[in-house]
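Please read this report with the sequence and the structure side by side.

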Amino acid sequence: MFLLELTYTAPLEAVDAALEAHVGWLDEHFAAGVFLTAGRKNPRDGGVILAVAESRARIEEISAGDPFVTAGVCEYRITEFVAVKTAPALEAYRETLA
């Protein structure tokens with residue numbers, strides 16, 4: 001499982017100009033089952049995405065295609081973690097330590 005933290009690197013006007021494309025990109029990855037939840041940080045200086053994928057390389061590839069990245073308005077910090085405890089609704093994503 002991966003925690004993707006977006007930090008805006010441009011004024012909100014530039015972020016908003018890429019927002020529609022970013023939401024379409026989010027929708028694509030929700031439909032593919034990669035993204036579990038996403039939203040803005042408060043204060044609005046970036047966002048957070050919780051994702052699942054077969055590898056960190058795949059998550060890096062996906063995040064590189066974010067219209068916010070291609071527009072140069074955000075940077076990503078990707079944290080991989082083992083989800084050993086989950087809410088019942090996320091039980092399918094629960095992992096065990098090796």
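Predicted model: local features only at pLDDT ≥ 70, side-chain atom pairs only at ≥ 80, totals over all residues.

Residues are numbered from 1 along each chain as its sequence is written, and side-chain values use heavy atoms, with hydrogens and water left out.

Helices (H or I, at least four residues) and strands (E, at least two) are DSSP runs, numbered from the N terminus. Helix H3 spans residues 56-64, and its buried residues are Ile-59, Ile-62 and Ser-63. Seen down the axis of H3, these buried residues fall within an arc of 95 degrees, so they line one face of the helix; the arc is taken from the directions from the helix axis to the C-beta atoms. Their cover includes strands E1 (2-8), E2 (35-40), E3 (46-51) and E4 (74-80), together with helices H2 (19-31) and H4 (67-70).

The largest nonpolar core has 19 residues, and those with the most contacts inside it are Leu-4, Phe-35, Ile-49, Phe-68 and Tyr-76. Such a core is a set of buried Ala, Val, Leu, Ile, Met, Phe, Trp, Tyr and Cys residues joined through side-chain atoms within 4.5 Å. Two or more residues come from each of E1, H2, E3, H3 and E4, and E1 gives the most, with 4 residues. Not counting residues up to four places away in sequence, Leu-4 touches several residues, among them Ile-49, Ile-59, Ser-63 and Tyr-76, where contact means heavy atoms within 4.5 Å.

A search of the whole structure finds 3 aromatic pairs. Rings of Phe, Tyr and Trp (its six-membered ring) pair if their centres lie within 6.5 Å; planes under 30 degrees apart count as stacked, over 60 as edge-to-face and the rest as tilted. Tyr-8 and Phe-68 form an edge-to-face pair, 5.9 Å centre to centre with 85 degrees between the planes. Because Tyr-8 lies in strand E1 and Phe-68 in helix H4, this pair ties together parts that are 60 residues apart in sequence. The rings of Phe-30 and Phe-35 also form an edge-to-face pair, with centres 5.9 Å apart and planes at 85 degrees, and Trp-25, Phe-30 and Phe-35 form one aromatic cluster.

| Residue | Relative accessibility | Class |
|---|---|---|
| Tyr-8 | 14% | buried |
| Phe-68 | 1% | buried |
| Phe-30 | 32% | partly exposed |
| Phe-35 | 3% | buried |

Notes
Buried < 20%, exposed > 50% of the residue type's maximum accessible area, 1.4 Å probe, protein only.
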